[in-house]
Amino acid sequence: MPLVEIGFRIVDVFTERPLAGNQLCVVPEPVELDTETRQALAREINFSETTFVTSAGGDRYSMRIFTPAQELPFAGHPTLGTAFVLVSEGRVTSPATQMVGAGEIVVEVDVRAGRALMHQLPPEFGAEFGDRELVARAAGLSPEELRADVPMQVVSTGLPHLIVPVRDVETLRRAVRDGALVTEVHRRTGGESMYLFAETLEGVTARMFDWELGVGEDPATGSAAGPLGVYLSAYGLAGMPGEVVVAQGEQVGRPSFLHVETEAEGDSWAIRVGGGVRLIGEGAFHL
């Protein structure tokens, strides 16, 4: 029986060197695949996300994003990594407009510098979440180890995340994800993750606890760094609004650095999230 060959690229995102940051599999050539097959391929590669480009040309492209267990309307490192692959291969020009379920995202790529930057969607602030006991237990902490001077709150710039302020970075490093309780937090808040953060002298350190077993703890979460930047700006933390570097991934052996910029835009905020991208491999699925 003849095989169908589907090419893919492997990139590391939010890093200045290979084998760090967040891994991404990109299928850059539009191919006819049903949703079940795309989901199965994402589960096969088993990175936090795999992207499938469905059209590309000029300064626009569309794509679909899959975790090992579900399709997402938007995600951060898949946006930067896919745009970098498409621009570096001459499939689209930069800046490019990416079309995904959440809407249109403008992405800028500098291939020579090995960097990409996305303009995220206008922020939406959800309700504050007051169950400190549940969130603390979901992170293996006590309620007293969460900050009480600012709230836990769901914020979205394309994908909702529950922003969780932690007392200090030492406490943050001790946190341990409880999958069942993180799932309960997800059910009650609608947030795709618990994005825990602590201020540091250098900026902010963050950890992302996902309810989904296939992701668990994500090494770099662009879709949460944007909401965090807006949250910091709204509450005047970490020198924001302005620019901040979010360090993530230390606990899972994939150090990552997410550059977040915010500025007031009318009664809202403009948000840009960027970082380094490294193309580290390529291959093909045979189906």
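Predicted model: local features only at pLDDT ≥ 70, side-chain atom pairs only at ≥ 80, totals over all residues.

User: Is α2 mostly covered or mostly open, and how many of its residues are buried?

Analyst: Here you look at relative accessible area, and under 20% counts as buried. In α2, 12 of the 13 residues are buried, so the helix is mostly covered by that cut-off. Among them are His 77, Leu 80, Phe 84 and Val 87. After the helix comes Gly 90, with a positive phi near 75°.

User: On to strands. Which strands does β4 pair with, and in what sense?

Analyst: For a strand, you ask who its partners are and which way they run. β4 (residues 60-66) pairs with β3 (residues 50-57) in the antiparallel sense over 7 bridges. With β6 (residues 96-100), β4 pairs in the parallel sense over 3 bridges. With β5 (residues 71-72), there are 2 bridges, and the two strands run antiparallel.

User: Where are the hairpins, and how many residues lie between the strands?

Analyst: β3 and β4 form a hairpin with 2 residues between them, and Gly 58 in the turn has a positive phi of about 65°. β4 and β5 form another hairpin, with 4 residues between them.

User: Why is β4 described as largely enclosed?

Analyst: You count its buried residues. In β4, 5 of the 7 are buried, so the strand is largely enclosed by the rest of the structure.

User: Now aromatics. How many aromatic pairs are there in the whole structure?

Analyst: A search of the whole structure finds 4 aromatic pairs. In one of them, Phe 197 and Tyr 231 sit 5.7 Å apart, centre to centre, with 70° between the planes, which makes the pair edge-to-face. Phe 197 lies in strand β12 (residues 193-199) and Tyr 231 in helix α6 (residues 222-235), so this pair ties together parts that are 34 residues apart in sequence.

User: What about the rings of Tyr 231 and Tyr 235?

Analyst: Their centres are 4.8 Å apart and their planes are at 50°, so that pair is tilted. Tyr 231 and Tyr 235 both lie in α6, 4 residues apart, about one turn of the helix. Tyr 231 is buried at 0% relative accessible area, whereas Tyr 235 is partly exposed at 30%. Ring pairs link Phe 197, Tyr 231 and Tyr 235 into a cluster.

User: Last one: what volume does the largest cavity have, and what lines it?

Analyst: With a cavity, read the volume, then the lining. The count is 1 cavity of 30 Å³ or more, and the largest cavity has a volume of about 130 Å³. It is lined by 20 residues, with Glu 49, Leu 72, Leu 159, Met 208 and Asp 210 nearest its centre. The largest share of that lining, 3 residues, comes from α2. By type, the lining divides into 7 nonpolar, 8 polar and 5 charged residues.

Notes. Residues numbered from 1 in each chain as written. Heavy atoms only, no water. Buried < 20%, exposed > 50% of the residue type's maximum accessible area, 1.4 Å probe, protein only. Pairing = 2+ DSSP bridges. Phe/Tyr/Trp six-rings, centres within 6.5 Å; stacked < 30°, edge-to-face > 60°. 1 Å grid on protein atoms, 1.4 Å probe; cavity = no way out; pocket = protein on both sides within 12 Å on 5 of 7 lines; lining within 4 Å. Points joined across faces, edges and corners; volume = space filled by probe spheres on them. Nonpolar A, V, L, I, M, F, W, Y, C, P; charged D, E, K, R; others polar.
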